[in-house]
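I opened this entry to keep track of what I looked up, one topic at a time.

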Amino acid sequence: MLDPLRVRADFPILAREAHPGVPLVYLDSTATAQKPRMVIEAMDHYYRCYNANVHRGLHRLAEDATEAYEGARERVAQFINAPEAAEVIFVRNTTEAINLVANSWGRANLRPGDEILLTEMEHHSNLVPWQLVAQAAGAVVRYLPFTPDGLLDLARLPEFLTDRTKVFAFTAMSNVFGTINPVQELVTAAHAVGAITLVDAAQSVPHLPVDVQALGCDFLAFSAHKMCGPTGIGALYGKRDLLEAMPPFLGGGEMIRRVTFEGSTWNELPWKFEAGTPSIAEAVGLGAAVEYLDAIGMDEIQAHEHFITHYALEALSEVPGLTLLGPAAGQKGGVAAFTLRGLHPHDVAQVLDQEGIAVRAGHHCAMPLHSKLGLPGSTRASFYLYTTTAEVDKLVVGLERVRQVFRQ
Amino acid sequence: MDFDLYREQIIELYENPLNQGVLEAADFSYEEDNPLCGDVIRIDARVDDQGRLAEVKWSGNGCAISQAAASLLTEEVKGLSLAEVKAFPKERLLELIGIPLSMNRVKCALLSLKVLKAGAYGIPEPEEMRKAE
């Protein structure tokens, strides 16, 4: 069993106070996770000892940097069980990964009248890129609805997933409801109608074991910063045959084989999609984050979050006027989004901040989801491997304080 | 620790707003939302024959800051000329609110002023809308 108090010792930031005399209670890991010492040190070490551009120089530093950069790719590939490291493309974040696929695959493959299927619980990052490419290609975007419990309405899937569907892009775990979607089942259904699949794994890769071969998905995207790694780097996994057939997304250095004044030919995978000098220190940091999570064990992390989520949902349901969004603890990851009767989420979050409690308030980049629920937004507490039951207790006390301030 | 962020006045106005409502025979009405927060403010105003605000009502919903600010603003601008409304300094409204606001919350606080100015300008010109912000 994971001991969160031991884990916490690895995260320097968790020792700080939110305000003078008020300890920090960080319940916003779904927005971004905190970083363990090992990640910070790995990046620091890179800059102090072997900073150089990758794949270019023939000197010692360049060799070391290239080895570390490609080593990080190997580690990430193993972490998600990709068949080969060349199928892992480093990008800036999940958003960029999805834009890459929407633009490169989408522009080459979508025709007027084709359908792009998303779900109503998507983050804007898996929504806007498709709306843009649909507009350019004359394709249609459709949305698989969610039920009042915050689950995908699978009974209606045949109505939305048809032979007109060319791509089905969906989240593995909702960043608002926390719903863990049946990825494998959705991928199988999509393939049965000849559609390709993209999994937005921004919330699943940090929180549960992910095996792209078992899932069978064509593309899978995630960000390092939500999994104890740095900002500015993420990964796109894609099946080799699809990536090979796709035109480049960004042009520039590194992604070419040969350039002439008349035109260019492309580098091989994965570098074909990595134009320009990449985020080298960040890749090293991501590699260290993966190593850190691996050492603890994704099963252990998932079990701990399940325990905390269960505990939190039970405690929060006792708060008068509080309504939880999304399914029960058994069907969701470490996310508790809620509304407090009569109060705007920003007011709730602001009072909680005075108590040192960091939560997210607003639409969490899921405006359509909140519109469907008729809400301007919600307040969201989210949990990770370092979250303790004592922190959840503080949240509950903090919410009492909110109700006091607003005379509820 | 400063628990004074939500001054008594803000909470009081949030619960018992001033000048809330809609004017049937308004000389100008304007509404805008802040999609980021979901705050919505509409302002209706009647102008007398001297060109002064005779009556101002606001309606809408959102966070305590945006709602309290609408009460404070509508109270403050009664009797002002249209020219004075157009020149109403945002600093004055922030002063009336009287609590330190983070960058994000300033937008909530100033939504009602933006709406009032846009209304006062009549058909809003893009340039004037920017000034109103």
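**A helix residue in chain A**

I began with A:Val397, which counts as exposed because it has 11 C-beta neighbours inside 10 Å, and I kept in mind throughout that this is a predicted model. I placed A:Val397 in helix α14 of chain A, which covers residues 389–405. I then looked up its separation from A:Leu340 and found 57 residues in sequence and 14 Å in space, C-alpha to C-alpha.

**The nonpolar core**

I turned next to the largest nonpolar core, which has 160 residues, and noted that the members touching the most others are A:Ile80, A:Val199, A:Leu220, A:Ala235, A:Val284 and A:Ala289. The largest share of this core comes from helix α10 of chain A (residues 280–296), with 10 residues. For A:Leu220, leaving aside residues up to four places away in sequence, I listed contacts with A:Ile80, A:Val199, A:Ala201, A:Val212 and A:Tyr237.

**Two helices in chain B**

I looked up helix α2 (residues 64–77) and helix α5 (residues 103–120) of chain B, whose axes come within 8 Å and cross at roughly 40°, so I recorded the two as oblique to each other. The crossing of α2(B) past α5(B) is right-handed. By class, their contact has 10 nonpolar, two polar and one charged residues; from α2(B) they include B:Ala69 and B:Leu73, and from α5(B) B:Arg105 and B:Leu116 are among them.

**Between the chains**

Finally, I noted that 12 residues of chain B are in contact with 15 residues of chain A. On the chain B side of this contact, I found nine nonpolar, two polar and one charged residues.

Note on methods:
Residues are numbered from 1 along each chain as its sequence is written. Chains are lettered from A and ligands numbered from 1 in the order in which they are written. This is a predicted model: local features need pLDDT of at least 70, side-chain atom pairs count only at pLDDT 80 or more; totals for chains, interfaces and linings use all residues. Helices (H or I, at least four residues) and strands (E, at least two) are DSSP runs, numbered from the N terminus. A residue is buried if 20 or more other C-beta atoms lie within 10 Å of its own, exposed if 12 or fewer, and partly exposed in between; C-beta atoms are placed from the backbone. Two residues are in contact if their C-beta atoms, placed from the backbone, lie within 7 Å. Ala, Val, Leu, Ile, Met, Phe, Trp, Tyr, Cys and Pro count as nonpolar, Asp, Glu, Lys and Arg as charged, and the others, Gly among them, as polar. A nonpolar core is a set of buried Ala, Val, Leu, Ile, Met, Phe, Trp, Tyr and Cys residues joined through C-beta atoms within 7 Å. Axes are lines fitted to C-alpha atoms, for helices over the stretch in contact, and angles run from 0 to 180 degrees between N-to-C directions. Angles under 35 degrees count as roughly parallel, over 145 as roughly antiparallel, 65 to 115 as roughly perpendicular and the rest as oblique. A crossing is left-handed if the near helix is turned anticlockwise from the far one by less than a right angle, and right-handed if clockwise.
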